[in-house]
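Subject: Structure for your review

Dear colleague,

Please find the structure below, together with its sequence.

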Amino acid sequence: MTVARLALCKILSSHLPRLHLPSAFASASRQVNNPATGEIIADVPFMGRQETNDAISSAYQAFHSWSKLTAAERSKYLRKWYDLLMSHKEELGQLITLEQGKPLKEALGEVGYGASFIEFFAEEAKRVYGDIIPATLNDRRLFVLKQPVGVVGAITPWNFPLAMITRKVGPALACGCTVVVKPSELTPLTALAAAELALQAGIPPGVLNVVMGNAPEIGDALLSSSQVRKITFTGSTAVGKKLMAGAAGTVKRLSLELGGNAPCIVFDDADLDVAVKGTLAAKFRNSGQTCVCANRVLVQDGIYEKFAEAFSKAVQNLQVGDGFTEGVVQVVRLVMHAGSYSY
Ligand code: ADP
């Protein structure tokens with residue numbers, strides 16, 4: 001590991017105490033690995049029900065004051081957070097590559113993309129309008145007021161460690177909700193760094209909380225709490241179904257973004273170069289780990305042979321390796337099994 005990357009981890013770990021709740025440190029810890037090499041890059045607390053309940057209480061308390069701010073005040077905090085995310089683009093990009101593995105160029109792209117949600121919702125925060133509805137009786141007036149729902153539980157996957165968080169947290173904070181985020185256990189560091197920058201932006205402690213560790217336990221704690229009023233999730237259909245069922249007990253609102261179904265279709269009259277480049281991007285961006293990555297390629301008979309040949313060649317030319325190496329576009333993720341690594 002380079003000195004710069006070690007320094008980055010040190011900066012992060014020195015901030016960890018600020019990012020968790022007081023007295024909410026889990027006794028156990030979990031390693032975070034660089035997927036390209038298997039190296040251990042950090043240890044993070046392994047949290048469960050107790051820490052999640054503490055985080056929910058903290059978010060619930062913070063909700064009282066955060067939701068009372070004017071939209072313009074919340075907007076200013078979000079804008080500051082956006083500015084800080086962008087001014088730390090390099091470090092965040094490195095962190096994403098380090099723990100998620102995607103090529104640095106893609107990781108830097110994700111920082112811009114992820115931060116853009118905060119910028120967008122900083123602006124939209126001021127435009128949460130209600131409605132006036134024509135009444136059916138003369139002596140009645142009907143209007144709709146939009147109110148923050150309360151504490152939101154946000155569960156995110158590993159493929160976009162920053163953007164999946166900002167896309168959920170941005171709108172929630174903008175309209176006055178507070179959030180407990182559970183990032184993927186594979187990529188908690190980017191979440192912690194983003195939360196640290198939120199604190200630096202002046203967003204009060206308790207408004208954005210991060211818990212990580214035992215996913216089913218954290219999930220159950222979020223689902224069973226009557227203080228959590230909404231669950232937002234991006235991930236597998238199997239886990240989505242569990243969350244949907246679990247949310248029924250306390251009748252929570254749910255937003256689910258589950259598995260994609262994304263055929264890529266090439267017709268006879270396609271421009272071969274464009275079709276190959278397009279299919280390559282659709283299939284292999286982020287090592288094939290985006291929700292819109294092609295899971296089937298359907299090619300019409302007339303162009304099939306030519307396409308198959310050109311596409312195989314293009315795939316063979318994809319450089320596989322460490323995301324920090326110039327030219328690498330694919331990363332093989334090493335998965336840890338009881339202390340050893342396998343592909
Ligand atoms: P993917 O296969 O796309 O990574 P998963 O659904 O396995 O999707 O994971 C997405 C997120 O859901 C991760 O943060 C993971 O830890 C979390 N998760 C997995 N199982 C549960 C569960 N039972 N309850 C709550 N969250 C879960």
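This is a predicted model: local features need pLDDT of at least 70, side-chain atom pairs count only at pLDDT 80 or more; totals for chains, interfaces and linings use all residues.

A polar contact, as the term is used here, is a pair of N or O atoms within 3.5 Å; within protein, one of them must be able to donate a hydrogen and the other to accept it, and residues adjacent in sequence count only if both atoms are side-chain atoms.

Residues are numbered from 1 along each chain as its sequence is written, and side-chain values use heavy atoms, with hydrogens and water left out.

Overall composition

The secondary structure of the chain comes to 11 helices and 13 strands; helices (H or I, at least four residues) and strands (E, at least two) are DSSP runs, numbered from the N terminus. Of the 343 residues, 44% count as buried. Buried means under 20% relative accessible area, exposed means over 50%, and partly exposed lies in between (1.4 Å probe, protein chains only). The accessible surface of the chain is about 17100 Å², and carbon and sulfur atoms hold 56% of it; such areas come from the Shrake-Rupley method with a 1.4 Å probe, and for residues only the protein chains shown count as cover. Taking contacts (heavy atoms within 4.5 Å) between residues at least 6 apart in sequence, 73% join residues at least 24 apart.

The ligand

Which residues come nearest to the ligand? Of the 15 residues around the ligand, they are Thr156, Lys182, Glu185, Phe233 and Ser236; a residue is counted as near if one of its heavy atoms lies within 4 Å. A backbone N or O atom of threonine 156 lies 2.7 Å from a ligand oxygen. In the side chain of glutamate 185, an N or O atom is 2.6 Å from a ligand oxygen, and for the side chain of serine 236 the corresponding distance is 2.7 Å. Taken alone, the ligand exposes 560 Å², of which the protein buries 75%.

The shell around the ligand holds seven nonpolar, six polar and two charged residues. In this grouping Ala, Val, Leu, Ile, Met, Phe, Trp, Tyr, Cys and Pro count as nonpolar, Asp, Glu, Lys and Arg as charged, and the others, Gly among them, as polar. Helix 8 (215–224) and strand 8 (228–234) each supply at least two residues of the shell, and helix 8 gives the most, with three.

Helix 7 has 13 residues and reaches 19 Å from its first C-alpha to its last, close to the 18 Å expected. Because 11 of its 13 residues are buried, helix 7 is largely enclosed by the rest of the structure. Glycine 202, whose phi is positive, near 95°, follows helix 7.

Individual loop residues

Threonine 37 is in the loop between strand 1 (29–33) and strand 2 (40–45) and is partly exposed, at 39% relative accessible area. Threonine 37 and valine 332 are 295 residues apart in sequence, yet 9.2 Å apart in space, C-alpha to C-alpha.

Glutamine 330 is in the loop between helix 11 (301–316) and strand 12 (335–337) and counts as buried, at 11% relative accessibility. A polar atom of the glutamine 330 side chain lies 2.9 Å from the backbone oxygen of phenylalanine 284.

Two further residues have a positive phi although they are not glycines: valine 251, at about 45°, and asparagine 286, at about 55°. Is valine 251 buried or exposed? At 65% relative accessibility, valine 251 counts as exposed, whereas asparagine 286 is buried, at 3%.

Yours sincerely

Methods
The expected span of a helix is 1.5 Å times one less than its number of residues.
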